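I opened my notebook to look around one structure. Here is what I looked up, entry by entry.

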Amino acid sequence: MPQPPLTYVFLQHEMIKRGFVRVLKAISARGRGLARRSCEGTDESIHEARLLIKRSRALLGLVRPALAPSAYARARTRLRKAAAVLAKVRDFSVKQSTLEQLTRKATKTRDRAAIALTLRSLARNPVSGAAQKKSSHRMLKQAVEMLCQSIDDITRSVADDAAWPTPSDRVRKAFRATRKAGKKARCTGKDADFHTWRKKAKTLFYQLELTQSKPGRRMVRIIKCVGQLQEKLGAYHDCLVVEDLLRHLLPLPPAEQRVAHLLEKRKI
């Protein structure tokens, strides 16, 4: 799993406040560049913008004790809204790619037929199909604007005399929260708890990346394991997205039941 550019990582011996502001400004500059250069909301641009938002949210969580509560709350709300805007675009791609993956793994003719019927219905749907892709650039610009507003607001509000936390302590806290969420999800088996576990693992992963400019072998293994965990939980969540599609969009009971069964098997 490749390391992120050092632009988005605290450097060794760098004061946390300086690194915090530097990384946020780099994220903001990259976001504005994405919005300017892309005449379409391509999957690559959407993916990178979502990564910028994830890194920003992880960064805020990492230094939260040093931020004014009101400024933190405003930035957190804006970033959540920005992520939700891009999630609308991503969900279409997720539905399509998840169903295509099911097709490649399906061994029975009736399974492949059910998936093909579902894919055709998805392509015809005016909300999740062509109309959604056409508006993806507008959504990208909207999300990037909210991201940059959050960064401008939070960097202006940083006080010179703020008590900055130790990054390693915050990462340990994120690790404990991830482990606790995982224990609960495995115990209850509820989709909502797996969703919480996914969010905690994602925060831990990006905080590890942010704080490790030159990770040793052990840390590289840890980051890789956490990355694999959040990817696996992300795949679980993708199945839920498609299941939601089946419940609300498709008047195809036989195909829906067949595909739903395949999705359940994929989540295990």
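This is a predicted model: local features need pLDDT of at least 70, side-chain atom pairs count only at pLDDT 80 or more; totals for chains, interfaces and linings use all residues.

**Entry 1: I154 and the cores**

Residues are numbered from 1 along each chain as its sequence is written, and side-chain values use heavy atoms, with hydrogens and water left out.

Next I looked up the largest nonpolar core. A nonpolar core is a set of buried Ala, Val, Leu, Ile, Met, Phe, Trp, Tyr and Cys residues joined through side-chain atoms within 4.5 Å. Buried means under 20% relative accessible area, exposed over 50%, and partly exposed in between, with a 1.4 Å probe and protein chains only. The largest core has 49 residues, and F20, L59, L60, L67 and I154 touch the most other members. Helix 1 (16-37), helix 2, helix 3, helix 6 (136-156), helix 7, helix 8 and helix 9 each give two or more residues to this core. I also found a second, separate core of eleven residues, with A114, V242, V259 and L263 among them.

**Entry 2: The chain as a whole**

How many helices and strands are there in the chain? I counted ten helices and zero strands. These are DSSP runs numbered from the N terminus, with helices being H or I of at least four residues and strands being E of at least two. Of the 268 residues of the chain, 47% count as buried. I also looked at the contacts with a separation of 6 or more, and residues 24 or more positions apart account for 72% of them.

I picked L86, which sits in helix 3. L86 counts as buried because its relative accessibility is 0%. Not counting residues up to four places away in sequence, L86 touches I46, A49, R50, I53, M139, L140 and A143. I checked H47 too: L86 and H47 are 39 residues apart in sequence and 8.7 Å apart in space, C-alpha to C-alpha.

Then I turned to a charged residue, D153, which is found in helix 6. Is D153 buried or exposed? D153 counts as buried because its relative accessibility is 11%. Leaving out residues up to four places away in sequence, D153 touches R74 and R78.

**Entry 3: The cavity**

I searched the whole structure and found one cavity of 30 Å³ or more. On a 1 Å grid over the protein atoms alone, a cavity is a set of points where a 1.4 Å probe fits but cannot get out, while a pocket is an open set with protein on both sides within 12 Å along at least five of seven lines; lining residues have an atom within 4 Å of a point. Grid points are joined across faces, edges and corners, and a volume is the space filled by probe spheres set on the points.

The largest cavity holds about 40 Å³ of space. Its lining is L24, S56, L60, A75, L79, S150, I151 and I154. I sorted the lining residues into six nonpolar, two polar and no charged. For that sorting, Ala, Val, Leu, Ile, Met, Phe, Trp, Tyr, Cys and Pro count as nonpolar, Asp, Glu, Lys and Arg as charged, and the others, Gly among them, as polar.

**Entry 4: The pocket**

The largest pocket has about 1200 Å³ of space. Which residues lie nearest its centre? Of the 35 lining residues, they are R57, R76, K199, K200 and T203. Helix 3 supplies the largest share of the lining, ten residues. The lining divides into 14 nonpolar, seven polar and 14 charged residues.

**Entry 5: Cysteines and H13**

I looked for disulfides, meaning pairs of cysteine sulfur atoms within 2.5 Å, and the count came to zero. C148 counts as buried because its relative accessibility is 0%, whereas C225 counts as exposed at 51%.

Last, I looked at H13, in the segment before helix 1. H13 is exposed, with a relative accessible area of 82%. Its phi is near 65°, a positive value in a residue other than glycine. Most residues other than glycine have a negative phi.

How values were computed. Contact means heavy atoms within 4.5 Å.
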